[in-house]
Amino acid sequence: RIFRIMSPLKDRFVVSFFGTFGYYHNPSVLIDCAKVLKNSKIHFVIAGDGELMESMKSKAAGLANVTFPGWLNQHEIITLLKYSHVGVCATPQVAEFFPNKAFVYLSAGLPIVSSFQGDIKTFIEEHKIGFYYPPNDAEALCKCIQKLYDSKEYYLDMSVRARNVYQSLLDAKRIYEEYGEHLENIVREYGN
């Protein structure tokens, strides 16, 4: 199902969001941004479901650059990310936690555009793997996306950094493997 949705978008610059549409993760600002960018090759895929789904669909009525594929399973999310260029972490209020979807975006090599503050904002800025925009600020969000769209070289550089940061700092398999080796060294050193 998701392949049929994404395949026609292969020549588009795809901005993706997935999750539950609710109080903390309200992606409706993406629709405001889609209205501004409706005459570009930028397409917004807003995957998931929740209490805000019907109001978001109404708000997006008539926009050809917005797709709502519904709730996706893990395999479908992977397919979505293969066709995507940017991952968005959206919240309408001041929030300082690191949303799990950021890890998924980075694992796919997607730059992150996020309205969350705190650790994720610092992490994005330190590693140059995306942008922060203030909550509900569609104009700022559009500028972040447009900047990545306008310069393929800049986008590709940020995408490579996103994947490298994930692999070197966040990949659970690698982290647990290194931690296991560390514990084995401690046991060898002090176990005798």
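1. Glutamate 125 is partly exposed, at a relative accessible area of 47%. Here buried means under 20% relative accessible area, exposed means over 50%, and partly exposed lies in between (1.4 Å probe, protein chains only). Its salt-bridge partner is lysine 121, at 3.8 Å from N to O. A salt bridge is a side-chain nitrogen of Lys or Arg within 4 Å of a carboxyl oxygen of Asp or Glu. Lysine 121 is also partly exposed, at 26% relative accessibility. Both residues sit in helix H6 (residues 119-127), four residues apart, so about one helical turn separates them. Helices (H or I, at least four residues) and strands (E, at least two) are DSSP runs, numbered from the N terminus.

2. A word on the basis. This is a predicted model, in which local features need pLDDT of at least 70 and side-chain atom pairs count only at pLDDT 80 or more, while totals for chains, interfaces and linings use all residues. Residues are numbered from 1 along each chain as its sequence is written, and side-chain values use heavy atoms, with hydrogens and water left out.

3. The structure holds seven salt bridges. One of them joins glutamate 76 to arginine 1, with the closest N and O atoms 3.3 Å apart. This pair links distant parts of the chain. Glutamate 76 belongs to helix H4 (residues 74-83), and arginine 1 to the segment before helix H1 (2-6), 75 residues away. The two ends differ in setting. Glutamate 76 counts as buried, at 12% relative accessibility, whereas arginine 1 counts as partly exposed, at 41%.

4. Aspartate 11 and lysine 41 form another salt bridge, their closest N and O atoms being 3.6 Å apart. Aspartate 11 lies in the loop between H1 and strand S1 (13-20), and lysine 41 in the loop between helix H2 (28-36) and strand S2 (42-49), so the pair ties together parts that are 30 residues apart in sequence. Aspartate 11 is partly exposed, at 47% relative accessibility. Lysine 41 is partly exposed too, with a relative accessible area of 39%.

5. Lysine 128 is not a glycine, yet its phi is positive, about 55°. Lysine 128 is found in the loop between H6 and strand S6 (130-132). It is exposed, with a relative accessible area of 52%.

6. Asparagine 136 also has a positive phi, near 65°, in a residue other than glycine. Its place is the loop between S6 and helix H7 (138-150). Asparagine 136 counts as partly exposed, at 48% relative accessibility.
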